[in-house]
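I opened the model to look up a few local details and then the sheet. My notes follow in the order in which I checked things.

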Amino acid sequence: MNFRSRSSEAPDINLIPFIDVLLVILIFLMLSTTYSKFTELQLTLPTADAEQMRDRPREVIISIAADGRYAIDKITLEDRSVEAIAGALASAAPAGGESIVIISADAAAPHQSVVSAMEAARRAGLTQITFATQSATSGAK
């Protein structure tokens with residue numbers, strides 16, 4: 001009897017289908033991930049029905065939390081005095097007096113905190129001030 005000899009080659013593993021599956025999973029995860037802007041302070045913005053503004057390179061964002069804490073461009077301020085806020089605004093303004101100050105205050109923030117932020121912007125020489133809001137439909141989450 002003549003038996004065929006078995007081949008002594010190791011089995012070959014084809015990695016191309018495995019790589020294809022990994023690339024499809026990677027593309028799916030990239031497309032399904034949502035990207036959000038996170039700030040240092042957790043805020044609940046007041047609602048308004050206004051057209052959303054585009055990001056501008058000359059903007060300085062001052063966030064005011066519900067307990068009156070301040071953050072300027074995601075940097076939390078320890079001192080809550082108007083002078084300290086004005087100094088931080090002046091150093092954070094990329095275009096000097098032409099910069100736009102966006103006050104992003106929590107809906108439950110004290111009115112005095114918002115007025116102090118406006119006074120600090122005036123002392124820093126920043127006259128263009130606007131307020132950040134969220135639309136009424138996204139506020140009812």
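S113 has a relative accessibility of 8%, so I put S113 down as buried, the limit being under 20%. I am working from a predicted model throughout.

I looked up where S113 belongs and found it in helix α3. Leaving aside residues up to four places away in sequence, I listed I64, G68 and Y70 as the contacts of S113.

Next I followed helix α3 itself. I have it as residues 111-123, lying across β1, β2, β4 and β5. Against β4, I noted a direction of about 170° for helix α3.

Then I turned to the sheet. How many strands form the sheet, and in what order? I counted 5 strands in an open sheet, ordered β3-β2-β1-β4-β5, with mixed pairing. I marked β3 (75-77) and β5 (128-131) as the edges; each has a single partner strand, so one side of each has no neighbour in the sheet.

In which sense do β4 and β5 pair? I noted the parallel sense, over 4 bridges, with β4 covering residues 100-105. Within this part of the sheet I found I103 opposite F131 in β5.

Backbone angles came next. Most residues other than glycine have a negative phi. D73 is not a glycine, yet I read a positive phi of about 50° for D73. K74, also a residue other than glycine, has a positive phi near 70°. I placed D73 in the loop between β2 and β3, and K74 in the loop between β2 and β3 as well.

Last, I looked at the surface. I found a nonpolar patch there made of I13, L15, F18, I19, V21, L22, L23, I25, L26, F28, L29 and M30. Together, these residues have about 1200 Å² of accessible area. I placed one of them, L15, in the segment before α1 (16-32).

Notes. Residues are numbered from 1 along each chain as its sequence is written. This is a predicted model: local features need pLDDT of at least 70, side-chain atom pairs count only at pLDDT 80 or more; totals for chains, interfaces and linings use all residues. Side-chain values use heavy atoms; hydrogens and water are left out. Two strands pair if DSSP finds at least two bridges between them. Helices (H or I, at least four residues) and strands (E, at least two) are DSSP runs, numbered from the N terminus. Contact means heavy atoms within 4.5 Å. Axes are lines fitted to C-alpha atoms, for helices over the stretch in contact, and angles run from 0 to 180 degrees between N-to-C directions. Buried means under 20% relative accessible area, exposed over 50%, partly exposed in between (1.4 Å probe, protein chains only). Patches are made of residues with over 30% relative accessible area and no salt bridge: like charges are joined within 9 Å, nonpolar side chains (Val, Leu, Ile, Met, Phe, Trp, Tyr) within 5 Å. Accessible areas come from the Shrake-Rupley method with a 1.4 Å probe; for residues, only the protein chains shown count as cover. A salt bridge is a side-chain nitrogen of Lys or Arg within 4 Å of a carboxyl oxygen of Asp or Glu.
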